[in-house]
Amino acid sequence: MQSNTSQFNFDTAPDSALVKSDFVMQVHGGISRATLDRRIKDGAIPKPVIANRVRYWKVGELREALQKFTQPSQTNSQAQA
């Protein structure tokens, strides 16, 4: 489980690697804890795994969520065509 975000390489980490809330908030543009909780509730960010009252996310699930978040929807691109 990774705690130091400055030495962690999100792009090369295995999908099974676990990261904590601080890293997830940083990857999503420095969002607040309240925004993180809202995005989890809305389904924009996957639900965490909880161990010893600490929330962890699998890197692979975060990558999938980020791809969905950053890719334009097909309905928007079709409307512009």
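## A44 and the basis of the model

At 32% relative accessibility, A44 counts as partly exposed, a class that lies between buried (under 20% relative accessible area) and exposed (over 50%), judged with a 1.4 Å probe and protein chains only. A44 is placed in the loop between α2 and β2 (49–51); helices (H or I, at least four residues) and strands (E, at least two) are DSSP runs, numbered from the N terminus. Leaving aside neighbours within four places in sequence, A44 is in contact with R39 and A65, where contact means heavy atoms within 4.5 Å. A44 and K68 are 24 residues apart in sequence, and their C-alpha atoms are 8.5 Å apart in space.

The model is predicted, and local features need pLDDT of at least 70, side-chain atom pairs count only at pLDDT 80 or more, and totals for chains, interfaces and linings use all residues. Residues are numbered from 1 along each chain as its sequence is written, and side-chain values use heavy atoms, with hydrogens and water left out.

## Overall architecture

The chain contains 4 helices and 3 strands. Read from the N terminus, its elements follow the order β-α-α-β-β-α-α. Of the 81 residues in the chain, 30% are buried.

The chain exposes about 5900 Å², of which carbon and sulfur atoms supply 46%; accessible areas come from the Shrake-Rupley method with a 1.4 Å probe, and for residues only the protein chains shown count as cover. Among contacts with a separation of 6 or more, 44% are between residues 24 or more positions apart.

## The sheet

The 3 strands form an open sheet with the order β1-β3-β2 and antiparallel pairing. Because β1 and β2 stand at the edges with a single partner strand each, one side of each is left without a neighbour in the sheet. From one strand to the next, the twist averages 40 degrees. Two strands are taken to pair if DSSP finds at least two bridges between them; β2 and β3, which run antiparallel, are joined by 3 bridges.

Within this part of the sheet, A51 stands opposite V54 in β3. Helix α3 packs on the sheet and touches β1 and β3, its direction making about 65 degrees with that of β3. Such angles run from 0 to 180 degrees between N-to-C directions, with axes being lines fitted to C-alpha atoms, for helices over the stretch in contact.

## The nonpolar core

The largest nonpolar core has 16 residues, and those with the most contacts inside it are F8, V19, L36, I45 and W57. Two or more residues of this core come from each of α1 (21–27), α2 (33–42) and α3 (59–70). A nonpolar core is a set of buried Ala, Val, Leu, Ile, Met, Phe, Trp, Tyr and Cys residues joined through side-chain atoms within 4.5 Å. Not counting residues up to four places away in sequence, V19 touches F8, V24, R55, Y56, W57, V59 and L62.

Residue S21 belongs to helix α1. With a relative accessible area of 9%, S21 is buried. Beyond its neighbours within four places in sequence, S21 is in contact with R33, L36, R55 and W57.

## Salt bridges

The count of salt bridges comes to 3, each being a side-chain nitrogen of Lys or Arg within 4 Å of a carboxyl oxygen of Asp or Glu. In one of them, the side chains of R63 and D15 meet at 2.5 Å, N to O. R63 lies in helix α3 and D15 in the segment before β1 (18–20), so this pair ties together parts that are 48 residues apart in sequence. D15 is partly exposed, at a relative accessible area of 48%.

A salt bridge also joins the side chains of D22 and R33, at 3.4 Å, N to O. Since D22 lies in helix α1 and R33 in helix α2, the pair ties together parts that are 11 residues apart in sequence. R33 counts as partly exposed, at 43% relative accessibility. The side chains of R55 and D37 likewise meet in a salt bridge, at 2.7 Å, N to O. This pair ties together parts that are 18 residues apart in sequence, because R55 lies in strand β3 (residues 54–58) and D37 in helix α2. D37 is partly exposed, with a relative accessible area of 37%.

## R39 in helix α2

Helix α2 also holds R39, which is partly exposed at 23% relative accessibility. Not counting residues up to four places away in sequence, R39 touches H28, I31, A44 and I45.
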